[in-house]
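Hello,

Here is the structure for your files. My notes on it follow below.

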Amino acid sequence: MGPSVACLAILALAGTCLATGSADSNIAFKLFVNNSAERSVQPVPANQYRDSFPYRSRYYAANASAGEYFRTGYGDVVNSQAAFVAAINNRTRGWKAGVNPLRHDQYRTGALLYEEAARAKLPQGIVLKLQVEPFPESFDARQKWSFCPSVGTIRNQGCCASSYAVAAVATITDRWCIHSEGKSQFSFGAYDVLSCCHRCGFGCDGGVPSAVWHYWVENGITSGGAYESHEGCQSYPFGVCKPQEIFAPHVDLICLRQCQPGYNTTYLEDKHFGRVAYSVPRDEDRILYELFYFGPVQASFTVYTDFIQYKSGVYRHTYGVRVGDHSVKIVGWGVENGTKFWLCANSWGAEWGENGFFKIIRGEDHLSVESNVVAGLPLFR
């Protein structure tokens with residue numbers, strides 16, 4: 001007899017209740033699917049993806065030799081990181097900024113949240129645990145699932161605005177391990193998404209996080225290691241920006257559909273698939289529930305220049321201008337000096353922030369961080 005199923009209907013939309021596989025026999029999930037024509041997906045032709053103007057980096061025309069400067073949003077320009085950091089710290093309470101080892105324009109974002117309106121959104125999903133317990137005041141997925149070292153791994157998207165893909169595959173890697181109870185340590189790679197998922201976005205000019213999860217379910221994603229690691233089917237192709245490449249990575253993203261030499265599995269055999277992908281409702285408790293029982297989630301939010309200088313504390317936007325939208329992985333939560341926060345893993349390397357992690361205000365949908373949460377469950381064959 002299959003696993004028992006409990007479904008909770010909270011939205012006035014058509015829903016489907018499904019039981020998960022044996023690895024998750026204690027859970028069930030419900031998808032609330034809007035059946036309107038707004039959800040139809042129009043595939044992007046491959047030649048349009050590579051040849052269209054949006055794919056060509058908007059940084060090409062900039063001068064890589066120009067000095068670093070910061071717009072404050074108040075009509076002023078600050079001409080050094082140190083001065084900008086001092087200006088931030090004079091205005092902040094609860095967090096500290098600091099000087100980074102790289103120029104601020106070498107930390108790329110990459111989530112195109114405005115594209116969500118023009119593309120198929122994931123249905124909202126409610127995942128249910130049949131036995132539950134109260135949420136603790138603080139939680140760290142690295143501790144609960146210590147048998148999954150990927151949860152604490154900080155990736156580096158390098159000289160590419162690819163957070164939509166890098167944060168997605170990092171989160172998928174964690175969930176694959178967690179739902180296999182540590183038996184399968186498969187590291188999903190971003191190269192397959194960047195080069196072959198044309199509906200996901202524009203390569204190194206950003207993309208749509210939910211489309212990556214849809215791609216995982218429909219097409220599968222291959223393995224991949226860090227830059228120059230030669231691990232997995234396809235290693236990540238971008239390191240940190242070199243001086244002559246500050247404004248444009250010099251790597252062609254070609255969908256090869258083959259693994260790198262020395263990897264003894266074919267591209268198609270290496271594909272691992274998701275069972276279901278969904279967006280998490282914009283509700284603090286639902287995100288807590290999802291994270292506590294099923295693993296890290298991907299979240300996207302608006303980034304301002306002060307965030308790039310983050311070093312410690314609970315971040316709240318204070319100073320500077322909008323940079324773009326960015327995707328990260330939420331791995332926990334807590335309270336610091338009376339302020340609730342989400343604990344997040346960024347993809348700017350371990351030298352940024354608090355060893356690659358940061359904390360951001362929780363429960364206020366600050367910069368829309370709780371409005372853009374996506375997740376999914378793996379398919380074990």
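Ser 150 sits in the loop that runs between α3 (141-144) and α4 (163-179). This is a predicted model. With a relative accessible area of 17%, Ser 150 is buried. Beyond its neighbours within four places in sequence, Ser 150 is in contact with Thr 173, Asp 174 and Lys 329.

The helix α4 has 17 residues and reaches 24 Å from its first C-alpha to its last, close to the 24 Å expected at 1.5 Å a residue. Of its 17 residues, 17 are buried, so α4 is largely enclosed by the rest of the structure. Just after α4, Glu 181 has a positive phi of about 60°.

On the nonpolar side, the largest core holds 58 residues, of which Phe 301, Phe 307, Trp 342 and Phe 358 touch the most other members. Helix α8 (residues 284-294) supplies the largest share of this core, seven residues. A second, separate core has 35 residues, among them Trp 176 and Cys 196.

There are twelve salt bridges in the structure. One of them joins Glu 284 and Arg 362, at 2.7 Å from N to O. This pair links distant parts of the chain, 78 residues apart: Glu 284 is in helix α8, and Arg 362 is in the loop between β13 (357-361) and β14 (373-378). Glu 284 is buried at 17% relative accessibility, and Arg 362 is buried at 7%. Lys 340 is linked with Glu 284 and Arg 362 in a network of salt bridges.

Arg 322 forms a salt bridge with Asp 325, their closest N and O atoms being 3.1 Å apart. Here Arg 322 is partly exposed, at 48%, whereas Asp 325 is buried, at 8%.

Regards

Technical notes
Residues numbered from 1 in each chain as written. Predicted model: local features only at pLDDT ≥ 70, side-chain atom pairs only at ≥ 80, totals over all residues. Heavy atoms only, no water. Helix = DSSP H or I, 4+ residues; strand = E, 2+ residues; numbered from the N terminus. Buried < 20%, exposed > 50% of the residue type's maximum accessible area, 1.4 Å probe, protein only. Contact = heavy atoms within 4.5 Å. Core = buried A, V, L, I, M, F, W, Y, C linked by side-chain atoms within 4.5 Å. Expected span 1.5 Å × (residues − 1). Salt bridge = Lys/Arg side-chain N within 4 Å of Asp/Glu carboxyl O.
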